[in-house]
Every structure is written in structure tokens, then in C-alpha cells.
Amino acid sequence: MITIRKADDRAMTRIGWLDGRHTFSFGRSPIPNGAPYPDGFRSLLVVNDDRVKAGMGFSEHPHSDMEIITYVLDGRLAHKDNSTGGAGGNAKSLAPGWIQRMSAGTGIRHSEFNPSPTDQLRLLQIWIRPEREGLKPSYEDREFADADLRDRLALLAGHKDSGAPTLIHQDALFFASRLSNAASIRHTMAEGRHAFVHPAKGSAVLNGISLSEGDGAFIGDEREIAIAAQGDTGAEFILIDLA
């Protein structure tokens, strides 16, 4: 079974410096009553597509008991946090192709900023409920070249037994792909698993269903997922495989 949330049906946050589109209810931006999966899908709680104006960003703020994954699409992200992952925390600069994972655990403070004086920053931020509360806060980031993502389904993050290069403290697998025009991939689902698919750029066909940029597909009871790029520009998408 595949349920689609169209891009235009997402919740919105639009202020002077931020254009945010939310697959699930987020803060003061709710998904309308009666829509499927208003507050999350399995352990997946947040998928935010944020566009941040030049020289602006999210000031330092706290989180706890959440796995926070950031995937950069355009521009550059300046990140700071007070985790124990480095001396005094972390200060990183991330570009497209980078993934960042924070385990907020018992408490973490961080900021996310667009350091460019001219260019927009665009990122996906994903929140996943951790396998247990009270984890020690931690941080990881990893860069993936275009060749790592091009016309293949690349495992970027996952649980401890998945072999993924970045850890998620939950039974979840985070994949990304950049499909060239007419290219396709397949993903086999283990029995009882679910998945979320989101074309971040371009459009795609998922098991015969057309998805536009920004759409979200909630998937259950499917043994195989087939995704093909649609149109002349190809498609970049994420796939999250969930217990």
C-alpha cells in the first residue's frame, strides 16, 4: 500500500528569512485534520524541506531524545553544537552531498546558519525517535561524492548492525540517490518493514505512481520499491526504511 502526501499539502512556515515545508505537523504549522499520518510515520517524526536566505539561520536552541539528520541540497551550512563529539563541541561547514547526524539524547544545543552573503541554503532535516531515551549526546558527519549517489541507492546512515557509515540509534536505514534522466533503482523490503520516499529535486515514478518534487510517499506491504527518474533533469530523492 502506498499513500501520497502531495507537496502542496505539506504544512508551511514562511517568515522573512525561512521558507519551510513540513511533511508532518511541525510547531505551529499543523497538517490538516483527517490527513493520513499527521504527526509522523512509524519512528519518523519530522521531514522539513527548509530554504534559508543568505546570511540567516536558526540561532542556538536545545533538543533532547531525538535522532536529527540533516542532508544538504544547495548552498552551504555552518553548524555549531555543544555535543561531546569534539573539544568544546563541533563547528562544521557542510555542502551538498554531506549528511549530519546528531543524537540529542540527554540534551544538546545547536545552531544552523547560512554563511553565504548571496546564496540560498536548502536542506532536509529529518527527526527520528531514538530506540531509547537518555542516550549520550553525539555527533557525526560524512561527505558523499556525486559518484557515491549517482544512479544507485546509497546507504548513508543506519542502525548499528546495518553497516552504514553513519549511525542512527533506531531500527532505520537512510538512503539517498541522484538519478540521471531515465535511470532507475530497486529496493527490496524485508517482511514487515515500511518506507518513506521523498523526491527532493525533480520528479520520479514509484511503483508506477508519479511523484513530483516535494511529494512524500508512505509505503507498507510492498516487497519491492522501484523508482525511476521522470523528465529531463533526473531526480534526487531520499528513502527511509523503517521497522
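Guide: In this predicted model, strand 5 and strand 10, the latter covering residues 108-113, run antiparallel and are joined by five bridges.

Visitor: Which residue is the bridge partner of histidine 61 in strand 10?

Guide: The partner of histidine 61 is histidine 110.

Visitor: And what order do the strands of that open sheet have?

Guide: The order is 5-10-7-8, an open sheet of four strands with antiparallel pairing. Strand 5 (57-63) and strand 8 (90-94) are the edge strands, each of them pairing on one side only. From one strand to the next, the twist averages 15 degrees.

Visitor: OK, what about the open sheet of seven strands, what's its order?

Guide: That sheet is also described by antiparallel pairing, and its strands follow the order 2-3-4-11-6-9-12. Strand 2 (11-14) and strand 12 (138-143) each have a single partner strand, so one side of each is left without a neighbour in the sheet. Ignoring direction, neighbouring strands here are turned against each other by 15 degrees on average.

Visitor: How many bridges join strand 3 to strand 4?

Guide: Five bridges join these two strands, which run antiparallel, and leucine 18 stands opposite valine 52 in strand 4.

Visitor: Switching to aromatics, how many pairs are there?

Guide: The count comes to nine aromatic pairs, taking rings whose centres lie within 6.5 Å. In one of them, tyrosine 37 and phenylalanine 41 have ring centres 4.8 Å apart and planes at 75 degrees, so this pair is edge-to-face.

Visitor: Is tyrosine 37 buried, exposed or partly exposed?

Guide: Tyrosine 37 has a relative accessible area of 28%, so this residue is partly exposed, whereas phenylalanine 41, at 3% relative accessibility, counts as buried.

Visitor: What kind of pair do tyrosine 37 and phenylalanine 218 form?

Guide: They form a tilted pair, with 4.8 Å from centre to centre and 50 degrees between the planes. Tyrosine 37 lies in the loop between strand 3 (18-22) and strand 4 (44-52), while phenylalanine 218 belongs to strand 18 (residues 216-220), so the pair ties together parts that are 181 residues apart in sequence.

Visitor: And why does phenylalanine 218 count as buried?

Guide: Phenylalanine 218 counts as buried because its relative accessibility is 2%, and the cut-off for buried is under 20%.

Visitor: Which residues form one aromatic cluster with Tyr37?

Guide: Phe24, Phe41, Phe196 and Phe218 form one aromatic cluster together with Tyr37.

How values were computed
Residues numbered from 1 in each chain as written. Predicted model: local features only at pLDDT ≥ 70, side-chain atom pairs only at ≥ 80, totals over all residues. Heavy atoms only, no water. Pairing = 2+ DSSP bridges. Axes fitted to C-alpha atoms, helices over the stretch in contact; angles between N-to-C directions. Phe/Tyr/Trp six-rings, centres within 6.5 Å; stacked < 30°, edge-to-face > 60°. Buried < 20%, exposed > 50% of the residue type's maximum accessible area, 1.4 Å probe, protein only.
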